[in-house]
Amino acid sequence: MNATRRNPVPPAAAPEALATPGSSAPMTDAQVEHFFATLRAANPHPETELQFTNVFELLAAVLLSAQATDVGVNKATRKLFALAPTPQRMLALGLEGLEAQIKTIGLYRTKAKHLLQTCRMLVEQHGGRVPREREALEALPGVGRKTANVVLNVAFGEPTMAVDTHIFRVGNRTGLALGKNPLAVEQVLLRRVPPAYRVDAHHWLILHGRYVCQARLPRCAACQVAVDCQFQPKTATR
Ligand code: SF4
């Protein structure tokens, strides 16, 4: 059953009414399965939109992407990674040199400081390599749980869920994973996403939140998973 066409909400609906955590009923297991089967059929091999050529660049890009867009980060890192594709080369840039490369990215001073501290730890404690243990990743300056989850998933193929603002919203709005904070949503996802979809799930959810189930106005009338989504009432927006 799809309420989209029966009871549409005009685009003027208040944004907060479209994004309240816990306001939707939970999806059933069958709906969760169908939800991911649909997203997989539409995009069998989802990928991060951050650009990188090695694991260190991935870690650096994710660290720089906090509260910034992937497009903005890619613009800066294209030149940065050509100059400094390793922690050793990044350290050689120095603080001023690094800041000059990333000054178009929000919070660039703090991020530059953290990135250089992280590079120093990678060189001194990990032989210049990015560790694949969560604890070691989260011990790096500027690397929190979400960044560690992205690296573990994208670089090492672990079935982690990096809950960002998009996944938090989509999880709560659709009824896929209800939770009051990102960690709660992550834990529900780890429990509820069927094994076959776990490695790619966070990419599908980020892309869905970024391009379809958008914060201010979800595009319900164009949404492929509307039949499973528990958000009521849906919008008439395409
Ligand atoms: S865009 Fe899709 S997933 Fe988001 S609220 Fe609308 S129907 Fe649900």
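Helices here are DSSP runs of H or I with at least four residues, numbered from the N terminus. The model is predicted, and two of its regions are described below.

An unreviewed UniProt entry places the feature "binding site" at Cys213, Cys220, Cys223 and Cys229. These positions are spread over 17 residues of sequence, yet they cluster in space, with a largest C-alpha distance of 10.5 Å.

Cys213 lies in the segment that follows helix 10, which covers 198-211. Since a residue is buried if 20 or more other C-beta atoms lie within 10 Å of its own, Cys213 counts as buried because it has 25 such neighbours. Apart from neighbours within four places in sequence, the contacts of Cys213 are Val170, Arg173, His208, Pro218 and Cys223.

Cys229 is also found in the segment after helix 10. Cys229 is buried, because 25 other C-beta atoms lie within 10 Å. With neighbours within four places in sequence left aside, Cys229 is in contact with Thr174, Gly175 and Cys223.

Helix 2 spans residues 55-64 and helix 7 spans residues 145-154; their axes come within 10 Å and cross at roughly 150 degrees. Angles over 145 degrees count as roughly antiparallel, so helix 2 is roughly antiparallel to helix 7. The crossing of the two helices is right-handed.

Helix 2 contributes Leu58, Leu59, Val62 and Leu63, which meet Thr147, Val150, Val151 and Val154 of helix 7. By class, this contact has seven nonpolar residues, one polar residue and no charged residues.

Terms used:
Residues numbered from 1 in each chain as written. Predicted model: local features only at pLDDT ≥ 70, side-chain atom pairs only at ≥ 80, totals over all residues. UniProt positions renumbered as here; feature names shortened; annotations may be inferred. Buried ≥ 20, exposed ≤ 12 C-beta atoms within 10 Å, placed from the backbone. Contact = placed C-beta atoms within 7 Å. Axes fitted to C-alpha atoms, helices over the stretch in contact; angles between N-to-C directions. Parallel < 35°, antiparallel > 145°, perpendicular 65-115°, else oblique. Left-handed = near helix turned anticlockwise from the far one by under 90°. Nonpolar A, V, L, I, M, F, W, Y, C, P; charged D, E, K, R; others polar.
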